[in-house]
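This report describes selected side-chain features of one structure. The sequence and the model are shown first.

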Amino acid sequence: MKATTLPLRLSALAMVLAIAPSAFAQAWPTKSVRLVAAFPPGTPGDVIARLIQPALQTAWNQPVVIENKTGAGGNLAAGEVAQAKDEHTLLVGPDTILTINPHLYKKLSFNLRTSLKPVTYFASFNQTLACNPSAGITSLAKFVQLPPTRLYASGGAGTPSHMAMEMLLATTGTKLTHVPYKGPGPAAQDVMGGHVDCGFIVSSIVLPHVQSGRLRAIAVSGKERSGLLSEVPTIAESGHPGFDATFFETLMAPSSLPVATVEKIQRDVRAALQAPAVKSRLAEMDLRVEGYSTQEAQRRSQEDFAKWGAVAQRTQLQLD
């Protein structure tokens with residue numbers, strides 16, 4: 001081999017290696033894609049997956065199959081995806097799987113934070129602090145004056161409604177007694193029935209009951225007002241600047257999935273979310289379309305992991 005040909009061959013090899021990730025991303029997917037939804041049909045993440053399914057099938061030229069695998073706060077679905085044997089299985093669920101669950105479930109057979117990574121954040125949503133009208137609570141200022149013997153409802157231990165309330169109690173120095181339910185629907189029913197005074201409940205469930213007068217909306221948990229309850233202030237606007245308990249529906253992937261493939265998936269999902277019919281349907285559910293870049297999703301996940309870790313430490317909650 002002539003000495004002058006070696007640099008040329010090395011240069012050619014470098015070019016191949018440089019374009020390889022992009023080529024692999026273009027080749028993906030090579031077969032049907034599984035979207036494993038961590039919660040039952042009809043829940044926000046599941047609805048989003050089904051809304052964008054046709055667009056993704058067109059973009060990927062492969063079938064997109066949605067499977068619901070529920071339980072353990074999303075951990076069963078997370079385990080299914082984290083331990084998948086190929087690169088065609090993705091996870092749909094709330095960001096709490098990566099930001100809250102690692103603090104509450106210490107005995108899993110896999111590490112949530114190292115086995116999975118965010119691909120994008122589909123949409124954001126709030127919890128609404130709602131009270132029974134007969135409780136006489138008309139503002140956040142009156143809510144924080146409640147004595148420790150008064151009760152608050154949540155959709156279950158470790159859920160967004162529970163953690164949002166614990167963050168609020170820590171912020172205001174209020175002490176109340178927690179009553180967990182199996183989902184936001186039963187929690188709302190017992191607040192309306194007067195068995196429990198108040199609770200943080202997802203806004204889409206609260207809305208019809210606020211309109212009927214069976215519930216009174218006091219404040220919303222996120223940094224922006226609800227699109228369905230625009231007259232209801234945020235916690236931050238109600239005297240506690242900086243308070244932000246925003247939650248997200250997300251798409252996650254095994255950590256081993258190549259960066260170029262993850263970025264391709266993110267671009268295709270973001271495009272699908274921009275369809276007017278998709279945005280309109282999500283607005284009806286009080287879901288604000290986000291479409292975060294992978295870098296934005298990973299940064300937000302890190303920040304919220306730290307934030308909810310402080311809340312989990314305060315509650316000393318362990319769920320396994």
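## Burial and the model

A residue is called buried when its relative accessible area is under 20%. Trp 60 is therefore buried, as its relative accessibility is 4%. The model examined here is predicted.

## Aromatic pairs

The structure has 6 aromatic pairs. One of them brings together Trp 28 and Trp 60 in an edge-to-face arrangement, with 4.9 Å from centre to centre and 80° between the planes. Trp 28 sits in the loop between helix 1 (5-27) and strand 1 (33-37), while Trp 60 belongs to helix 2 (residues 44-60); the pair thus links distant parts of the chain, 32 residues apart. Trp 28 also counts as buried, because its relative accessibility is 4%.

Tyr 121 and Phe 248 make a tilted pair, with ring centres 4.7 Å apart and planes at 50°. Tyr 121 is in strand 4 (residues 116-125) and Phe 248 is in strand 10 (residues 247-254), so this pair ties together parts 127 residues apart in sequence. Tyr 121 is buried at 1% relative accessibility, and Phe 248 is buried with a relative accessible area of 1%. Through ring pairs, Tyr 121 and Phe 248 form a cluster with Tyr 292.

## A charge over a ring

Phe 305 has Arg 113 lying over its face, at 4.4 Å from the ring centre.

## The disulfide

How many disulfides does a search of the whole structure find? The search gives 1, and the bond joins Cys 131 to Cys 198 with an S to S distance of 2.1 Å. The torsion about the S-S bond is about 105°, so the disulfide between Cys 131 and Cys 198 is right-handed. Because Cys 131 lies in strand 5 (residues 127-131) and Cys 198 in strand 8 (residues 198-202), the pair ties together parts that are 67 residues apart in sequence.

His 162 is part of helix 8 (residues 160-172). Is this residue, at 3% relative accessibility, buried or exposed? His 162 counts as buried, because 3% falls under the 20% cut-off.

The His 162 side chain reaches the backbone nitrogen of Gly 158 at a distance of 2.9 Å. When neighbours within four places in sequence are set aside, the contacts of His 162 are Tyr 152, Ser 154, Gly 156, Ala 157, His 178 and Leu 317.

Methods. Residues numbered from 1 in each chain as written. Predicted model: local features only at pLDDT ≥ 70, side-chain atom pairs only at ≥ 80, totals over all residues. Heavy atoms only, no water. Helix = DSSP H or I, 4+ residues; strand = E, 2+ residues; numbered from the N terminus. Buried < 20%, exposed > 50% of the residue type's maximum accessible area, 1.4 Å probe, protein only. Polar contact = N/O pair within 3.5 Å; in protein donor to acceptor, adjacent residues only side chain to side chain. Contact = heavy atoms within 4.5 Å. Disulfide = S-S within 2.5 Å. Phe/Tyr/Trp six-rings, centres within 6.5 Å; stacked < 30°, edge-to-face > 60°. Lys NZ or Arg CZ within 6 Å of the ring centre and 35° of its normal.
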